[in-house]
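Please look at the sequence and the structure below before reading on. The paragraphs that follow go through the chain part by part.

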Amino acid sequence: MDAKCAHHPDAVADGGTCERCGTYICAACAVAGSAPAICRPCLRLLSSGRHIKHARVLSILMMVHGGLLLATGAYYVLFGGFMFDAMMDIPVGDDADELAEQLPGMLMGMFTFIGLSHVLPGVLQGLAGWMLLRHRGIRLAWAAAAMGLLSLFGCYCSPTALALAAYAVFVLTRDDVKARFAVVLPPAS
Ligand SMILES: [Zn+2]
Ligand SMILES: [Zn+2]
């Protein structure tokens with residue numbers, strides 16, 4: 001006798017077994033393409049965890065914050081460039097000291113560094129937020145939250161980057177969130 005689906009006593013368990021709850025399931029009960037292979041009731045259970053909504057909020061906040069970081073970083077780089085341009089217009093006398101000659105380049109380098117310390121985590125957070133929203137991965141979210149702290153070199157985004165990192169730690173360490181993210185679904189779903 002063939003094994004029957006745990007949820008449909010009339011259906012043959014042609015969907016194999018659920019790797020989470022271990023019951024026999026029919027093809028209709030199997031979540032197609034999921035890794036590990038799980039059943040629909042398990043997916044519902046995993047998706048209804050207490051902190052799953054927080055993961056969604058975190059993913060959106062991360063994308064918004066990534067965008068802000070990117071804009072701030074671009075502003076720093078542009079500002080540094082304008083500053084360099086403007087300072088190069090100041091005529092340098094013969095008796096100018098070396099520091100005065102190097103100052104524009106040094107300032108531009110500093111602004112570029114501060115700018116990049118916003119742009120890079122900005123791009124990463126935007127990407128990580130999107131992947132988090134699609135349940136594509138939790139590791140990148142960790143990296144993005146940590147890298148956001150790079151913006152502490154600048155003065156605009158640091159409180160928000162700290163808050164975001166703290167929120168990420170809270171959300172990403174919840175057991176129900178970790179359990180949900182342990183299951184990867186095919187892109188279509
Ligand atoms: Zn199951
Ligand atoms: Zn079934």
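A residue is called buried if 20 or more other C-beta atoms lie within 10 Å of its own, exposed if 12 or fewer do, and partly exposed in between; the C-beta atoms are placed from the backbone. Ala-144 counts as buried because 26 other C-beta atoms lie within 10 Å.

Some ground rules come next. This is a predicted model, in which local features need a pLDDT of at least 70 and side-chain atom pairs count only at pLDDT 80 or more, while totals for chains, interfaces and linings use all residues. Residues are numbered from 1 along each chain as its sequence is written, and chains are lettered from A and ligands numbered from 1 in the order in which they are written.

The pLDDT is the predictor's confidence in each residue, from 0 to 100. Its average over the chain is 88, and 93% of the residues score at least 70. Confidence is highest in helix α1 (residues 40-47), with a mean of 95, and lowest in α4, with a mean of 87. Helices (H or I, at least four residues) and strands (E, at least two) are DSSP runs, numbered from the N terminus.

The chain is divided into domain 1 (1-48) and domain 2 (52-178); such bounds come from an automatic or database domain assignment. Taken over C-alpha atoms, the centres of domain 1 and domain 2 are 44 Å apart.

We start before α1. His-7 is found in this segment, and His-7 is partly exposed because it has 17 C-beta neighbours inside 10 Å. Two residues are in contact if their C-beta atoms, placed from the backbone, lie within 7 Å. Not counting residues up to four places away in sequence, His-7 touches Ile-25, Cys-29 and Pro-41. Pro-36 also has its place in the segment before α1. A cis peptide bond, with omega about -5°, joins Ala-35 to Pro-36.

Next comes helix α2. The expected span of a helix is 1.5 Å times one less than its number of residues. For the 37 residues of α2 this gives 54 Å, and the end C-alpha atoms are 54 Å apart, so the two values agree. Among the buried residues of α2 are Ala-55, Leu-58, Ser-59, Met-62, His-65, Gly-66 and Leu-69. An α-helix has 3.6 residues a turn, so residues three or four places apart point the same way. The C-alpha atoms of Gly-81 and Gly-109 are 9.3 Å apart, although 28 residues separate the pair in sequence.

Helix α3 has 36 residues and reaches 53 Å from its first C-alpha to its last, close to the expected 52 Å. A kink of about 35° in α3 is centred on Pro-104; the bend at a residue is the angle between axes fitted to the seven residues ending there and the seven starting there. His-135 lies in the loop between α3 (98-133) and α4. Its phi is positive, about 60°, although His-135 is not a glycine. His-135 is buried because 20 other C-beta atoms lie within 10 Å.

We now return to Ala-144, which lies in helix α4 (residues 139-148). Leaving aside its neighbours within four places in sequence, Ala-144 is in contact with Met-62, Pro-121, Leu-124, Gln-125 and Ala-128. Ala-144 and Leu-164 are 20 residues apart in sequence, and their C-alpha atoms are 9.9 Å apart in space.

What is a nonpolar core? It is a set of buried Ala, Val, Leu, Ile, Met, Phe, Trp, Tyr and Cys residues joined through C-beta atoms within 7 Å. The largest one has 17 residues, and those with the most contacts inside it are Met-62, Ala-141, Ala-144 and Ala-168. The elements that give two or more residues to this core are α2 (52-88), α3, α4 and α5 (158-172). Its largest share, five residues, comes from α5. Ala-168 touches Leu-58, Ala-141 and Ala-145, not counting residues up to four places away in sequence. A second, separate core has twelve residues, including Ala-13, Tyr-24, Cys-26 and Cys-42.
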